[in-house]
Amino acid sequence: MYSVQCVARRFFVLCLATLIFAQVAFSKQDGAPIAACEDMTPEHFVMPQESVCPFTSKLAREEMWSNGTVEVTLEHDSDEFKGFFMMAFDGTGSDSSPIGTFSSDLKGKGKAIDCRRDGTKNAVTHKDKSLKNSVVATWTPPEDFDGTVVFKATFVKSFDKYWVKQSSPTLIVKRAVISDNVKEDSFDATTKKPTVSTTKKPTVSTTKKPDVQESDDVSDDSTSTRTTTAQPEIADAASPIGILAFYSVIIIGVTIAFIA
C-alpha cells in the first residue's frame with residue numbers, strides 16, 4: 001500500500017514539474033517559433049479556446065491598390081493579451097501559405113518573421129510577454145495580386161487560454177496596372193490613376209491638324225487669283241490706248257494730206 005502511494009506521489013510531482021517546465025520552456029517569451037507557422041498553434045500542451053475570442057483584427061481600409069499598404073490592428077477595448085501571431089492569406093484559397101510582407105516596425109510590440117523561409121517577412125509575432133491592448137502591423141500585398149485577402153491571428157491571453165486563427169474582415173486588393181497608352185510618370189504613385197495623360201492627349205491631336213496646310217493653300221489661291229485678275233486689267237487698259245493711237249495716226253495723216 002505504501003509503495004502504491006509513493007508511486008502516485010512521484011507521478012504527481014513528475015507531472016507538476018513537467019507542466020511547470022513546459023510553461024517556462026514553451027511560453028515563447030520572444031515570439032512564436034517557425035514551427036508555429038504550420039497551424040498557428042502555440043506549443044502550450046492545452047487545447048485552444050472554443051469560446052468567442054474577445055480580441056479582433058481591424059483593417060484601416062476595406063479596399064486598396066496592390067502597390068499600397070494597409071494597417072491591421074490587433075486590439076480589445078478593455079482586455080489585454082500577451083502573445084500574438086498573424087499572417088495574411090488569399091481569401092479564395094487555403095491558408096497553407098501566407099502572402100504579402102509585413103513591416104518590421106511594430107513600435108517595439110512585435111517583430112516580423114519569415115514563415116516560408118524565402119527571405120520574405122510574411123508573419124508577425126510578439127517580442128515579449130508584456131501585456132498589450134493593441135498592436136498595429138503594416139502589410140504590403142504581392143505586386144501583381146488581384147483578389148481578396150483575409151488576415152488570421154492567434155491571440156494568447158495566458159498559457160492555458162488562447163484563440164487560434166481568428167479571421168479579420170475581408171480586404172479587397174486591386175491590381176495596379178499601367179496602361180500602354182499612358183506613360184508611367186503620368187500616374188500618381190499612390191492611386192495609379194492618370195494625372196497628366198488627360199491633358200497631353202488632346203493637345204497633340206488638335207495642334208497637329210492641317211493648320212499650316214490650310215494657310216499654305218489659302219496663300220497659294222490668293223496669289224493665283226491676283227495674278228489671273230491682273231492680266232485682264234492690263235489687257236483692257238492697253239486696248240483703248242492702241243485704238244486712240246491708231247485713230248490719231250489716221251487723223252494726222254489726213255490733215256497733212258489736206259494741207260499739202
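**Figure 1. Contacts of Trp 139.** Trp 139 touches Met 64, Gly 68, Thr 69, Val 70, Ala 88, Ile 99, Gly 100, Thr 101, Phe 102, Val 149, Phe 151 and Leu 171, leaving aside residues up to four places away in sequence. A contact here means heavy atoms within 4.5 Å. The model is predicted: local features need pLDDT of at least 70 and side-chain atom pairs count only at pLDDT 80 or more, whereas totals for chains, interfaces and linings use all residues. Residues are numbered from 1 along each chain as its sequence is written, and side-chain values use heavy atoms, with hydrogens and water left out.

**Figure 2. The largest nonpolar core and another core apart from it.** A nonpolar core is a set of buried Ala, Val, Leu, Ile, Met, Phe, Trp, Tyr and Cys residues joined through side-chain atoms within 4.5 Å. Buried means under 20% relative accessible area, exposed over 50%, and partly exposed in between (1.4 Å probe, protein chains only). The largest core has 27 residues, and Trp 139 is one of those with the most contacts inside it, together with Met 86, Phe 102, Val 124, Val 149, Phe 151 and Leu 171. Two or more residues each come from strands E3 (70-75), E4 (83-90), E8 (134-140), E9 (147-158) and E11 (171-174). E9 gives the most, with four residues. Apart from this core lies another, of 13 residues, including Ala 36, Ile 113, Tyr 162 and Val 164. Strands (E, at least two residues) and helices (H or I, at least four) are DSSP runs, numbered from the N terminus.

**Figure 3. An open sheet of four strands.** The strand order is E1-E3-E8-E5, and the pairing is antiparallel. Two strands pair if DSSP finds at least two bridges between them. In general, strands of a sheet pair through backbone hydrogen bonds, either parallel or antiparallel. E1 and strand E5 (101-102) stand at the edges with a single partner strand each, so one side of each has no neighbour in the sheet.

**Figure 4. Strand E3 and its two pairings in the sheet.** Five of the six residues of E3 are buried, which leaves the strand mostly covered. Strand E1 (residues 56-59) is joined to E3 by four bridges, and the two run antiparallel. In this pairing, Leu 59 stands opposite Val 72 of E3. E3 also pairs with E8, in the antiparallel sense, over six bridges. Thr 73 faces Val 136 in E8, and Leu 74 has Val 135 of E8 as its bridge partner.

**Figure 5. The disulfide of Cys 37 and Cys 115.** A disulfide is a pair of cysteine sulfur atoms within 2.5 Å. One disulfide is found in a search of the whole structure. The sulfur atoms of Cys 37 and Cys 115 lie 1.9 Å apart. The link is left-handed, with -70 degrees about the S-S bond. It connects distant parts of the chain, 78 residues apart: Cys 37 is in the loop between helix H1 (2-26) and E1, and Cys 115 is in the loop between strand E6 (111-113) and strand E7 (123-125). Both Cys 37 and Cys 115 are buried. Cys 53 counts as buried because its relative accessibility is 11%.

Figure 6. Ser 66 is placed in the loop between strand E2 (63-65) and E3. Its relative accessibility is 2%, so Ser 66 counts as buried. A polar contact is a pair of N or O atoms within 3.5 Å; within protein, one must be able to donate a hydrogen and the other to accept it, and residues adjacent in sequence count only if both atoms are side-chain atoms. A polar atom of the Ser 66 side chain lies 3.0 Å from the backbone oxygen of Glu 143. The Ser 66 side chain also reaches the backbone nitrogen of Ala 176, at 3.0 Å. Beyond residues up to four places away in sequence, Ser 66 touches Pro 141, Pro 142, Glu 143, Phe 145, Val 173, Lys 174, Arg 175 and Ala 176.

**Figure 7. Confidence along the protein chain.** pLDDT is the predictor's confidence in each residue, from 0 to 100. The chain averages 74, and 58% of the residues score at least 70. Residues 15-27 have a pLDDT below 50, and this stretch has 10 contacts in the model beyond near neighbours in sequence. Residues 182-239 are also below 50, with 26 contacts beyond near neighbours in sequence.
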